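Please find below my notes on the model. They are set out as numbered points, to be read beside the sequence and the structure.

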Amino acid sequence: MGEFIAVSESSKNALNMANLASTLPVQVLIFGEVGTGKTSLANIVAPQATQYDALQLQLLIKENNINLDEIETLIVPNIHHVNNVKQFIEKFDQHNIKLIATATEEKDSFQEKFAVRIDLPPLCERLEDLKKLSQIYLDEANRLFETEVSLDNVEMDTSLNSISLKRSIYRSVLFDSINKEQVFGLLEKFLYKEMADSTEYKDLLEIFEIPLIKVSRTRFKSQLQMAQKLGINRNTLRKKINQYNLQED
């Protein structure tokens, strides 16, 4: 996620807790869904800390490939992946290491082992953060693709928070800037891979027909107009709609 965005009230509270935790010799857990900014917030708690993914660090400790006596502070993303979290954290307690861990799944030992816990809600519950982050990603994409797309013309996916948001915005801007020849090039590459699996011609038609039907439904008011613009009769159109399960609710 990069910079931690703190515009919404919940994010401001999380940021305040992170700043407070940075001054305390305690173990800190930052909890939330993928892409909510956990690691960015961890870097605020300990900007100079050594960082290892939990499973990577567990392997290093197991194989004696790390000297914990040389480390004062650790950022450990994905600590929920460790089998025995309690035993894992106790190693850092023994070496007086300050631990800032992130997790997306609950563990029974979290409450016992972490003195400070910061919960980050998903972006869909932090609308002010979502708006600002969306604009940041859109500005990046516009510079990259040399376009001037506005947020009103972007489809945003927040299912994976900042991860899916950035991907969806970049995709929208790319599609807005792409020309017919580039579309042909992308289709050729896609079809080349698909045909490697012995895909038949009739099975590839949906790649073209489904978007055509969806766009036609958006642009035209009735199936009669859709059929006329697509150059097919209404029975054929209804058959295609049923075939691809595109009936309106």
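**Notes on the model**

1. Asn-64 lies in the loop between α3 and β3; helices (H or I, at least four residues) and strands (E, at least two) are DSSP runs, numbered from the N terminus. The phi of Asn-64 is near 55°, a positive value in a residue other than glycine. At 67% relative accessibility, Asn-64 counts as exposed (buried means under 20% relative accessible area, exposed over 50%, partly exposed in between, with a 1.4 Å probe and protein chains only).

2. On the source: this is a predicted model, in which local features need pLDDT of at least 70 and side-chain atom pairs count only at pLDDT 80 or more, while totals for chains, interfaces and linings use all residues. Residues are numbered from 1 along each chain as its sequence is written, and side-chain values use heavy atoms, with hydrogens and water left out.

3. Glu-146 also has a positive phi, about 55°, although it is not a glycine. Its place is the loop between α6 and α7, and with a relative accessible area of 73% Glu-146 is exposed.

4. The loop between α6 (127-145) and α7 (162-177) also holds Asn-161. Is Asn-161 buried or exposed? At 1% relative accessibility, it counts as buried. Leaving aside neighbours within four places in sequence, Asn-161 is in contact (heavy atoms within 4.5 Å) with Glu-33, Val-34, Gly-35, Thr-36, Pro-122 and Leu-123.

5. The largest nonpolar core has 23 residues. Such a core is a set of buried Ala, Val, Leu, Ile, Met, Phe, Trp, Tyr and Cys residues joined through side-chain atoms within 4.5 Å. Leu-57, Leu-74, Ile-79, Phe-88, Phe-92, Leu-99 and Phe-114 have the most contacts inside it. Two or more residues come from each of β1 (28-32), α3 (54-62), β3 (73-76), α4 (85-94) and β4 (98-103). A second, separate core of 16 residues includes Ala-18, Leu-41, Val-116 and Leu-120.

6. Not counting residues up to four places away in sequence, Leu-74 touches Ala-49, Thr-50, Tyr-52, Leu-57, Phe-92, Ile-97, Lys-98, Leu-99 and Ile-100.

7. The structure holds 3 aromatic pairs. Rings of Phe, Tyr and Trp (its six-membered ring) pair if their centres lie within 6.5 Å; planes under 30 degrees apart count as stacked, over 60 as edge-to-face and the rest as tilted. The rings of Phe-88 and Phe-92 have centres 5.0 Å apart and planes at 85°, so this pair is edge-to-face. Both residues lie in helix α4, 4 residues apart, about one turn of the helix, and both are buried.

8. Phe-110 and Phe-114 form an edge-to-face pair because their ring planes are at 70°, with the centres 5.8 Å apart. Phe-110 is buried at a relative accessible area of 2%, and Phe-114 is buried at 7%.

9. Pro-25 sits in the loop between α1 (9-21) and β1. Pro-25 is exposed, with a relative accessible area of 78%. Its C-alpha atom and that of Leu-99, 74 residues apart along the chain, are separated by 9.1 Å.

10. Which residues line the largest pocket? They are Phe-175, Ile-178, Val-183, Leu-186, Leu-187 and Phe-190. By class, the lining has 6 nonpolar, no polar and no charged residues (Ala, Val, Leu, Ile, Met, Phe, Trp, Tyr, Cys and Pro count as nonpolar, Asp, Glu, Lys and Arg as charged, and the others, Gly among them, as polar). Helix α8 (residues 180-195) gives the most to this lining, with 4 residues. A pocket here is an open set of points on a 1 Å grid over the protein atoms alone, where a 1.4 Å probe fits, with protein on both sides within 12 Å along at least five of seven lines; lining residues have an atom within 4 Å of a point.
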